[in-house]
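I opened this one to see how its parts sit together. Here are my notes, in the order I looked things up.

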Amino acid sequence: LESAYSKDGLAFPSLDDPFRPTPLDQDAALAETRRLIVAAAAQLIATVRSPVEVLQEYAPGMYMTATLGFVEETNVADIIKEGGAQGLHVKAISLRNGVDESYLARVLRFLATRHVFKEVTPNVFSNNRISSLLVKAKSVQAINEDPVAKYDGAPLASFVASSADVALKSVHLFSPFLQNPGNAAAPFNIAFKTEAKMWDWYEEPGNEWRARRFTAAMKGGGDRFPPQLFTSGIRGDALSPDDVVVDVGGSIGSVALALYKAFPNLRYVVQDLGKQIDEAGKFWEANAPDAVSSGRVLLQVHDFFTPQPVKNAAVYFLRVVIHDWPDHDAKKILSNLRDAAAPSSKLILFDSLAVYSCEDPSSSVPKKVPYPLLGNLGIGGAGFATGLDLQMLTLFNGKERTEDEFRELGRVTGWKLDSVTPGPLATMVFSVI
Ligand SMILES: C[S@@+](CC[C@H](N)C(=O)[O-])C[C@H]1O[C@@H](n2cnc3c(N)ncnc32)[C@H](O)[C@@H]1O
């Protein structure tokens, strides 16, 4: 890593400094190097640490979520940033967010002990590489003036905040749900005493701020979505000008926007529920004003449990949608697309791939990892995906699926899995059976 950075005339970033993006953050070979180092370091810790201490650290793991949510809600990283690089005393943070300074000190010390924030001198905290990503996109004053819009432009902060809100408030019902899954749709539904799916519940009065936060989280999607992912599983000659690409459950269409910019001669349809499509109108107006008026991009209200109105599209794609649904619902969604498809249509799913923690001889992309690391590289490889899997279970009884599970889901709905391109989001390309 150091030599790769020095080749670009850069020092390897210090944990003490705020995060500054560089092109090397996107370099695939370096990402693999990082994963191996993290996998090895985590395994080394698990190996040498007293197992008692390991469990003492893991069992109260909820405090990580709770403290991150608290600092996000009370704008701590934002306040520290506005205070300057030298850091701020908890008294000064308290003056701005009204939280007792001794509570702040204890929360920030818990996090600094885990490398989120740095305690520069006693009770003085600065942002470091990790905590700097908790900073939202607006000034603290603007946040206080319009709290509902607090997470606009800050997708990662939105993700952190919603993990500490709906997910944390639901997860204490995890074990009862798993033991009696017939009693409710998901732990979320028991916790919030609702039969509604989380999206529909967001639309209820009083939840406007949650709906807005969710949209903010989704708006970051396109930035983290390199368009070449889209073509990675499709033959170069498979798409022609004016071919129709449907972004099913596309939210505001941040992924379709990235694709539209990369492949402007295709036609796009972004489909979602009403509120998302209303937001999509504003999003496209701000980012590609001609796209909708020229007819290249159509924003369409569509419930994917009803027949798909766009027939014979070249591509139907769903990004992080199928993992929201249990198998019986996922099958309905894919069957509706199959009914609308032409023989040449492709279905592309972008989702995290569940990878066994041991070796998987049946995988179409077998990966040899250095002995004695875990088959999925542990938290270095599958940390986020395994966490997301349980988050989907908690919120929706959804799931991240293995390659075999995707193949089977396709097979029973009339789609053949042609290729799998692994990555932080895997690309699964299906053709019509
Ligand atoms: C996790 S988000 C993914 C959004 C988008 N694909 C992206 O990657 O940015 C799931 C989306 O599914 C949409 N959704 C949920 N139920 C739906 C339904 N019945 N019909 C259409 N869209 C739905 C939600 O509104 C939400 O925008």
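**Domains**

I took the centres of domain 1 and domain 4 over C-alpha atoms and got a separation of 29 Å; the domain bounds come from an automatic or database domain assignment. For their contact I counted seven residues from domain 1 and eight residues from domain 4, a pair being in contact if their C-beta atoms, placed from the backbone, lie within 7 Å.

A reminder to myself: this is a predicted model, where local features need pLDDT of at least 70, side-chain atom pairs count only at pLDDT 80 or more, and totals for chains, interfaces and linings use all residues. Residues are numbered from 1 along each chain as its sequence is written.

**Cores**

Next I looked up the largest nonpolar core, which has 69 residues, and found that Val245 and Tyr268 touch the most other members. Such a core is a set of buried Ala, Val, Leu, Ile, Met, Phe, Trp, Tyr and Cys residues joined through C-beta atoms within 7 Å, buried meaning that 20 or more other C-beta atoms lie within 10 Å of the residue's own. This core lies between domain 3 (147-217) and domain 4 (228-432), because both give residues to it. Leaving out residues up to four places away in sequence, I listed the neighbours of Val245, among them Leu259, Tyr268 and Phe317. Apart from this core I noted another, of 27 residues, including Val116 and Tyr151.

Key:
Contact = placed C-beta atoms within 7 Å. Buried ≥ 20, exposed ≤ 12 C-beta atoms within 10 Å, placed from the backbone.
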